[in-house]
Amino acid sequence: AFRAVCDHLEAVTRGQIKNLIINVPPGMAKSTITAVLWPCWEWIFNPSVRWLFATYSLDLTYRDARRRRDLVQEKWYRDRWAPSYDVTGTGVEFVKNDKQGYMFSTSTGGQTTGWRGESLVLDDPQDPKGAESDVKRESTIEWLTRTWPTRIDQVSKYSAKVLIQQRLHE
């Protein structure tokens with residue numbers, strides 16, 4: 001499963017896939033691979049990429065944002081990959097570099113006004129407990145179809161949306 005996820009994310013990086021949905025069970029390291037390691041790996045080669053991340057829980061969103069921020073600042077990462085950028089913004093929800101790239105994090109239903117990205121990563125948009133609630137599910141679907149897609153930067157030929165989740169409802 002790891003190899004298939006990584007192969008598909010690499011195809012997104014190359015511009016071969018524009019919209020990717022990955023359904024995997026819980027405990028498969030999906031957040032670590034998709035919302036932490038992949039964007040940090042891509043910044044090695046293309047630090048100008050602007051990323052937007054969301055998950056159903058702001059706590060989970062910030063957990064992964066801290067992990068991304070800490071990794072790109074880590075001596076181990078910098079010594080091995082010698083990225084061609086310096087991290088200039090080191091907040092939790094917003095990390096930027098000196099090549100115009102940034103990583104902005106929010107939650108499903110959260111604030112996105114004013115933000116656009118070339119790479120949109122949606123990791124578990126629905127709370128597992130809320131998946132059985134028609135009201136909560138419809139609210140999530142509304143945000144996913146009306147708000148989140150408007151945040152993509154259509155100008156870039158590499159713009160892509162990735163959704164990774166466990167399947168919770170039909």
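Reader: How far is the sulfur of C40 from the closest cysteine sulfur?

Author: A disulfide is a pair of cysteine sulfur atoms within 2.5 Å. The sulfur of C40 lies 14 Å from the closest one, in C6, which is too far for a bond. The structure holds zero disulfides. This is a predicted model, in which local features need pLDDT of at least 70 and side-chain atom pairs count only at pLDDT 80 or more, while totals for chains, interfaces and linings use all residues. Residues are numbered from 1 along each chain as its sequence is written, and side-chain values use heavy atoms, with hydrogens and water left out.

Reader: Is C40 buried or exposed?

Author: Buried means under 20% relative accessible area and exposed means over 50%, with partly exposed in between (1.4 Å probe, protein chains only). C40 is buried, with a relative accessible area of 1%. C6, at 35% relative accessibility, counts as partly exposed.

Reader: What is the reach of helix α2 from its first C-alpha to its last?

Author: Helices (H or I, at least four residues) and strands (E, at least two) are DSSP runs, numbered from the N terminus. The expected span of a helix is 1.5 Å times one less than its number of residues. Helix α2 (residues 30-45) has 16 residues and reaches 22 Å, close to the 22 Å expected.

Reader: Where in α2 is there a kink?

Author: The bend at a residue is the angle between axes fitted to the seven residues ending there and the seven starting there. In α2 a kink of about 35° lies at L37, shortly before the proline P39.

Reader: How many residues of α2 are buried?

Author: Of its 16 residues, 12 are buried, so α2 is largely enclosed by the rest of the structure. Among them are W38, P39, C40 and W43.

Reader: Which strands are joined to β7?

Author: Two strands pair if DSSP finds at least two bridges between them. Five bridges join β1 (residues 19-23) to β7, and these two run parallel; I22 stands opposite I164 in β7. Five bridges also join β6 (residues 119-123) to β7, again parallel, and L120 stands opposite K161.

Reader: What does the chain cross through from β6 to β7?

Author: A crossover is right-handed if, with the strands pointing away from the viewer, the path from the first strand over the helix to the second runs clockwise. Here the chain passes through helix α5 (residues 134-147), and this β-α-β crossover is right-handed.

Reader: Why is β7 described as largely enclosed?

Author: Five of the six residues of β7 (residues 160-165) are buried, so the rest of the structure largely encloses this strand.
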